[in-house]
Every structure is written in C-alpha cells, then in structure tokens.
Amino acid sequence: MSENPQLLPAVSSFLSSPKQLLIDGEWVDAKDGQTFATVNPATEEVLVEVAQASAVDADRAVAAARNAFETGSPWSRMTPRDRSHLLWRIGDMIDERVEEFAQLESLDNGKSLASARGDVGVAAELFRYFAGWATKMEGTTIPMSVPGRDFHAYTRREAIGVVAGIVPWNFPLTMAAFKIVPSITAGNTVVLKPAEQTPLTALRLGELLLEAGVPAGVVNVLPGFGDAGAALVDHAGVDKVAFTGSTEVGKKIAAGASKNLKKVSLELGGKAPNIIFADADLDAAIAGAALAGYFNEGQCCVNGSRLYVQREVFDQVIEGVAAAAKAIKVGDAFDPATTMGPLVSQEQHEKVMGYVRGAVADGATLAAGSPDPAADRGYFFSPTLITDVTERMAVQTDEIFGPVITAIPFDTEDEVVAAANNTVYGLAAGVWSKDLGTAHRVGGRLRAGTVWLNTWHADDVTLPRGGFKQSGWGRELGSFGLDDYTELKTVVAELR
C-alpha cells in the first residue's frame, strides 16, 4: 500500500502486519495457513493480507463460543449489571477512537470519511443503548384457571446460546455491532463472519472487545469467504444465525439452517419505492429523493431506488434530482471535498455498469450519469438517474446496490400503490405529500417494514428494522431487538 500522510499512527500500525482470526481470545492463523488480500476500492491497492477462515476454523470458533457460554464460565457468571457496564464501556472506547475506525472503514469500504465517522458513532451508540436493556430482560406472571388447583406461572427470557453473525460490506462496523451487541446483551456468545471485502473494522473491534474485558470465546471473528459462512450455518453447535445481506444468500442460509432447525433472523434485499405527489414540498422532496437513492454510494438496502412522481410535476422533479446527482463530488474518501466514494469492489462496479448499460440498450434514457467508469483507477461510478423505464426492465425489478435511481410518472394513488407494491421486496418505502391524510393513508397501504413520510433515512437505534416478503425475517434494534436473541421459557409451579 502506498503511503498516506493522513493516516493516524494507530491505523498505519494496524495495517503493518497481516491480520489473523480471533478465536477464544487469541489471534491465530487459519488452520491451513490461507490468506486473502483486502483492497482499497479507491486505489485498487492491497491494504493488508488477512487470514482466511475455513470450515475447520469455524469449528474451532464455535467450540470456543460454546465453552464460553456454558454454565460455570466467566461469561455465564457475569451479572446483567456487569454486562450493562461492559457494553457502556465499549461504546465509550469506540467513541474515543472514532477517527481510527473511520479511516479503516474508508480505506476498506471506500465511503467518505464523513460517512464513516457517522457509522462509527452509530456503532458506539448501539453499545450504549443496549447497555440499558441488559438489566431489563423481564418476564411476566400469568394467571392460570384450573378448578380446584393453584399454580404460579411465569415466563423468563433466556439467552439462546451460540450466535453466528454474518454481515455485509456496505456498513461493516455498524452491521457487526447489529449482530454482536444484542447477542451479548442477552448473554449469548458470538462467532462473527465479516464480509470478505471489508474485514478490517470487525478485526479492530475484536481487539477493542478484548481490551474492554470481554471474556475469551464470547466474541470470535472469522474473516473469510462463503465456505466459512456456510460452515457456520450448517454447524450443529450454532443455535442461531443472524444474517444481513442479499435475498439470494438469505434463502441459502434458511435452507441450510433447516437441517437442525436453528433459529434464523434475516435482513435481506430491498427495492424501495419513493412516491412524490404533486402537492409535495418539491424542494424537500427533490433533496430527499437524491439522498434516498445516492446515500452510501447507493449501497444501502433501504435506499429509495424506484422513484415515482405524479405526472404534473415529473419534469420538475427529474430536473432537480438530475442537478443534485451532477453536484455530487465523486472521489477518494480522504479528499475533504468528496461526497461519494467508490463502489466497494470491481465485481460490484461491473454489476452496476451492466445494469445501466442494459437499461440504455432497452431504450431507457440517462437524465444524469454514465454507463462508464467515472475514473481510470478505482471503482468510481457517477450518480445515475434513469427515465423512460418500464416495470419489466431489470434495472427496475432487481436490487442493483449502486447509485442508480429509476423514475416513472404516475397519475393516481391506486396506480402508484399497485406499482410500488409490485415487487418481491418489502424493506422500505416513502411518500411525499403536504396532505398528511394522503401521506399516512398511502404509507399504510405500502407493504414495507419501514415507511418514511416526507423524509428519508431518518433513523435511530430505538427503531425496529426489518422487512416484509422476501426482505427478511424478524426485526433488529429497538425494544424488539432482543426478542430474536432470546428464548421465551414458561415456568409452572403447583402451589400445595
């Protein structure tokens, strides 16, 4: 990797030696010695070599997690209050290292430093938010009605056991926190497999967790490829799989987990409709549409990539969103002027180009953007807005995961609701209208786990996340976030 004078000494030091697996509190090489290169998507240069976990390493990590979970272990003896204090301490430690984590994330993922700093802040807040829940996993008492007999019945929330967390590359640190934090809040242990494209912040987080005092084996980190993830899904010692990623992979995970009926939670793909009515505040709606479609280089499952605009204001909105797209500064994460970095990998870059080129070949029009790379080096791609699209085009039906918005005019409410819901996905949706009756009525008709009204990407760790249809199973975060990481036990005692 070429020298970058902007790097913190801690980041340079972290990248100065090959990265290993975290198993049972120790940093170890893969059993077969295999490694892979993680690449800076802005320069296409190798950042560092990383140990590549195999099924054998997955078995080692699951065994460590199981031992750490069992009765009598240091982790099992830790009280909920102790876990709460530990989680809060980790959140503060992440905040103290915001720039370090942000630089690693930008190098590995490509996103701007400003965006990466925001992601680090969310990760820290997740630890602090769930710290409050560690002491509030309460049960209920339930009256029973059995003639002539008295019972005391109550419920308990208990940890599931060993959780395999498999996370994507678009928000590497935040998604790692999504899996680790509720798991250990509830008292589970974790084997985390970060995406092979972006393993660095997960590994740095592993270092920090050990420094904070998380007992050995409670959190294990296995960078690697799909075979390592599949080994965790198939493993009889894993009690739950928590996955965020594509619907295609989610289906494979569900099938694999069915072999021993382990619990599964899935946050999968999306193709969110964003509806702008003619009576909307158009300045706000235009800015919101650009944010909805281009946020995080378009690599976000809740992005509003399908734009529906009422016909009488269609041209005005298209002109505004196109101008916003052209104003975005695409460049290296470490350039302060950059507002959009590269796509995460060559594979993703080629995929997005292919969709845009296919749309143009099918007769669509580019109101902004280009079907070609935005630079000679690095996986840069211009924010793109496509009109003259039909509902059958692949660019309209498939999750592209790039900075691409398609736009279609509509006339009536019923027409646009039918079009918006005509998808296998149901992760997010949005409505823009000054008439709150229209906004709430249409929002209520949209089949999606999150619906934004006159805003987009408004979010908080207190809010549940998840999807309808093929966008997933279960919910994450908020007061609902522990449910999928616990077992509900009913206890019945006869009173004599």
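Is L291 buried, partly exposed or exposed? With a relative accessible area of 39%, L291 is partly exposed. Please keep in mind throughout that this is a predicted model.

L291 sits in helix 11, which spans residues 282-294. If we set aside neighbours within four places in sequence, L291 is in contact with W456 and H457.

The loop between helix 11 and strand 13 (306-310) holds E297. E297 is not a glycine, and still it has a positive phi of about 60 degrees. E297 is buried, with a relative accessible area of 3%.

K469 also deserves a look for its backbone. Its phi is near 50 degrees, a positive value in a residue other than glycine. K469 lies in the loop between strand 18 (450-453) and strand 19 (472-473). At 37% relative accessibility, K469 counts as partly exposed.

Next come the cysteines. How many disulfides does the structure hold? The structure holds zero disulfides. C300 is in no disulfide, and the nearest cysteine sulfur, in C301, is 5.2 Å away. C300 is buried at a relative accessible area of 7%, and C301 is buried at 10%.

| Helix pair | Angle between axes | Distance between axes |
|---|---|---|
| Helix 4 (residues 80-95) and helix 8 | about 130 degrees | 10 Å |
| Helix 2 (residues 55-69) and helix 9 (residues 226-234) | about 45 degrees | 8 Å |

From helix 4, L86, R89, I90, M93 and I94 meet L205, L208, L209, E211 and A212 of helix 8. By class, this contact of helix 4 with helix 8 has eight nonpolar and two charged residues, with no polar ones.

Helix 2 and helix 9 are likewise oblique to each other, and the crossing of helix 2 and helix 9 is right-handed. Here A55, A58 and V62 in helix 2 meet A228, A231 and L232 in helix 9. The residues of this contact of helix 2 with helix 9 divide into six nonpolar, no polar and no charged.

**A last stop at T198**

Where does T198 lie? T198 is in the loop between strand 8 (189-193) and helix 8 (200-212). Is T198 buried or exposed? T198 is buried, with a relative accessible area of 1%. Leaving aside neighbours within four places in sequence, T198 is in contact with D108, N109, P168, W169, P172 and V344.

Note on methods
Residues are numbered from 1 along each chain as its sequence is written. This is a predicted model: local features need pLDDT of at least 70, side-chain atom pairs count only at pLDDT 80 or more; totals for chains, interfaces and linings use all residues. Side-chain values use heavy atoms; hydrogens and water are left out. Helices (H or I, at least four residues) and strands (E, at least two) are DSSP runs, numbered from the N terminus. Buried means under 20% relative accessible area, exposed over 50%, partly exposed in between (1.4 Å probe, protein chains only). Contact means heavy atoms within 4.5 Å. Axes are lines fitted to C-alpha atoms, for helices over the stretch in contact, and angles run from 0 to 180 degrees between N-to-C directions. Ala, Val, Leu, Ile, Met, Phe, Trp, Tyr, Cys and Pro count as nonpolar, Asp, Glu, Lys and Arg as charged, and the others, Gly among them, as polar. A disulfide is a pair of cysteine sulfur atoms within 2.5 Å. Angles under 35 degrees count as roughly parallel, over 145 as roughly antiparallel, 65 to 115 as roughly perpendicular and the rest as oblique. A crossing is left-handed if the near helix is turned anticlockwise from the far one by less than a right angle, and right-handed if clockwise.
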